[in-house]
Amino acid sequence: MNKKCVLLASCAAALLWASTVIADSVAPGDVMIENLSVAQSLVGQPGDPVEGRKTFANRKLGNCLACHANADLDDQLFHGEVGPSLNGAGSRWTEAQLRAIVVNAKAVFTDLTVMPAFYSLEVGENVREELVGKTILTAQQVEDVVAYLTTLK
Ligand code: HEC
C-alpha cells in the first residue's frame, strides 16, 4: 500500500480529487486557438448533438437563429439573416474550426464580427456586474453545439 495513503479516507479523497480534475473543463482563458482551430474538446470528450440542437435554438442560450438560417430547424420561426445560412456548415468547416468559431468568432473572422464570443471573457467593457467572469455558454454547451454543427452536411 502507498505509504502516503495512511488512512483509507485520504486515499479516497485523493482519488476523488484526481477524478474531478480529469472531468474539469478548459477555462475560457486557457483555450488555444491555433490556425483558426481549437483541436481538443473543451471537456475531454465529444459533445451531444441532440443537446446541442436545443442549445442552438434556445433564445436564452445560443440564440444562433437570431442571426443564422438553418433548414434543420424549419419548425422554429424567425431565422435571422445577419450571418450566413448554416446549411452545410458541417461540410464547409472541420470540427476544430467550428469549435474555434463558437468559442470566439472574433479570433476567427475579425474583431468587427457581430457574432458573440460564446466562450470568452473578453466580451468588451461595461459588462453587467453579475455577468463579469461568466461565459455565454458553458464548455459542455459549446461542445454540444459543435457536435450538432458537424451534423449539418
Ligand atoms: C448577432 C449575430 C450572430 C449570432 C447570435 C451568431 N452568429 Fe454565427 N455568425 C454571424 C456572422 C455575421 C457570421 C459571419 C462572419 C462574419 O463575417 O462576421 C457568422 C458566422 C458563423 C459561422 C461560419 C458560417 C459559414 O459557414 O461561413 C458559423 C459556423 C456560426 N456563425 C455559428 C454560430 C452558432 C453555432 C451560433 C450560436 C451559438 C451563432 N453563430 C450565433 C453572426 C452571428
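Predicted model: local features only at pLDDT ≥ 70, side-chain atom pairs only at ≥ 80, totals over all residues.

Student: OK, so what's the arrangement around the iron atom of the ligand, and why?

Tutor: It's octahedral, because the six donor atoms around that iron subtend angles of 85 to 178 degrees. For reference, ideal angles for six octahedral donors are 90 or 180 degrees.

Student: Which donors come from the protein?

Tutor: H68, through NE2, and M115, through SD. They lie 2.0 to 2.2 Å from the iron atom.

Student: And where do those two sit in the chain?

Tutor: H68 is in the loop between α2 (49-57) and α3 (89-92), while M115 is in the loop between α5 (105-108) and α6 (139-149), so the pair ties together parts that are 47 residues apart in sequence.

Student: Are they buried or exposed?

Tutor: Buried, both H68 and M115.

Student: Switching to cysteines: how many disulfides?

Tutor: Zero, counting cysteine sulfur pairs within 2.5 Å.

Student: What about C64, buried or exposed?

Tutor: C64 counts as buried because its relative accessibility is 14%, under the 20% cut-off. C67 is partly exposed, with a relative accessible area of 26%.

Student: Last topic, helix α4. Why is it called largely enclosed?

Tutor: Because seven of the nine residues in α4 (residues 95-103) are buried. Those are A96, L98, R99, A100, I101, V102 and V103.

Student: What covers the buried residues of α4?

Tutor: The cover includes α3, α5 and α6.

Notes
Residues numbered from 1 in each chain as written. Heavy atoms only, no water. Donors = N, O, S within 2.8 Å, 3.2 Å for Na, K, Ca; no water. Tetrahedral: all angles 85-135°; square planar, octahedral: opposite > 155°, others 65-115°. Helix = DSSP H or I, 4+ residues; strand = E, 2+ residues; numbered from the N terminus. Buried < 20%, exposed > 50% of the residue type's maximum accessible area, 1.4 Å probe, protein only. Contact = heavy atoms within 4.5 Å.
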